[in-house]
Amino acid sequence: MANIVNKTEDDKIKFAVFSIGAVDFALDIMRIKEIVKPLKITTIPKAPRFIEGVINLRGNIIPIVDLRKRFGVKIPESPLSSERIIIAKLNGKTIGLIVDLVTDVLSMGKSDISPPPEIVKGISSQFIKGLGKVGSRLILLIDLDKILTVSERISLKSSSSDSAHQAQDAEGE
């Protein structure tokens, strides 16, 4: 019994919490490399509509996914001053995720996380791993591995390699 009590702190997972529209989402911080202010994005022709393009971050070409578009959330008319790009790892590759606001880092134990309710099961729930409960706050936990389908990853890989030279040229101007 004492071992269970002592393990509670060790069993907690830390999540970076961010907002898209009026909804709070979270991503395991072990998947995040860094969080940066928006940079100049070079568009990729024929990319899916939620792929904004690529950025050149310290010499690394990183594809950028706008999570607002991916989740079907209305995008503000002008960029928000709080907007950020979360640089994360997806299947060994680096990807950037545009969000409205990064709010905090929270620790949640397994007892704080439940599967998504049946009512949200459907096309939009494919990106949701679970539901985090922190006090009265409910936070949707992102399944980063499902943000892009296999075909979207292949399409992005071929498009981003073509656009890599464009982004490096644009950065040099």
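**Salt bridges, strands and cores**

Biologist: Which residue forms a salt bridge with Arg137?

Modeller: Asp104 does, and the closest N and O atoms are 3.3 Å apart. A salt bridge here is a side-chain nitrogen of Lys or Arg within 4 Å of a carboxyl oxygen of Asp or Glu. Arg137 lies in strand β11 (residues 137-142) and Asp104 in strand β8 (residues 101-108), so the pair ties together parts 33 residues apart in sequence. Helices (H or I, at least four residues) and strands (E, at least two) are DSSP runs, numbered from the N terminus.

Biologist: Before we go on, what should I know about the model and the numbering?

Modeller: This is a predicted model, where local features need pLDDT of at least 70 and side-chain atom pairs count only at pLDDT 80 or more, while totals for chains, interfaces and linings use all residues. Residues are numbered from 1 along each chain as its sequence is written, and side-chain values use heavy atoms, with hydrogens and water left out.

Biologist: Okay, zooming out. What pattern does the protein chain follow along the sequence?

Modeller: Reading along, you get α-β-β-β-β-β-α-β-β-β-β-β-β-α, which amounts to three helices and 11 strands. Of the 173 residues, 39% are buried.

Biologist: What order do the strands have in the open sheet of six?

Modeller: The order is β8-β1-β2-β11-β10-β9, with mixed pairing. β8 and β9 (113-114) are at the edges with a single partner strand each, so one side of each has no neighbour in the sheet. Two strands pair if DSSP finds at least two bridges between them. β1 and β8 run antiparallel and are joined by seven bridges, and Ile13 has Met108 as its bridge partner in β8.

Biologist: Let's switch to β7. Why is β7 described as largely enclosed?

Modeller: Because six of its seven residues are buried, β7 is largely enclosed by the rest of the structure. It runs parallel to β5, with three bridges, and antiparallel to β6, with seven. Val65 has Leu97 as its bridge partner in β7, and Ile85 has Ile98. The hairpin of β6 and β7 has two residues between the strands, and there Asn91 takes a positive phi near 50 degrees.

Biologist: What joins the side chains of Thr94 and Lys89?

Modeller: A polar contact of 3.3 Å. That term is a pair of N or O atoms within 3.5 Å; within protein, one must be able to donate a hydrogen and the other to accept it, and residues adjacent in sequence count only if both atoms are side-chain atoms. Thr94 itself is found in β7, residues 93-99.

Biologist: Last one: which residues touch the most other members of the largest nonpolar core?

Modeller: Among its 26 residues, they are Phe18, Leu27, Val65, Leu67, Phe71, Ile147 and Leu148. β1 (13-20), β2 (23-28), β4, β6 (84-90) and β7 each supply at least two residues of this core. Another core lies apart from it, with eight residues, including Ile55, Leu57, Ile62 and Ile64. A nonpolar core is a set of buried Ala, Val, Leu, Ile, Met, Phe, Trp, Tyr and Cys residues joined through side-chain atoms within 4.5 Å.

Note on methods:
Buried means under 20% relative accessible area, exposed over 50%, partly exposed in between (1.4 Å probe, protein chains only).
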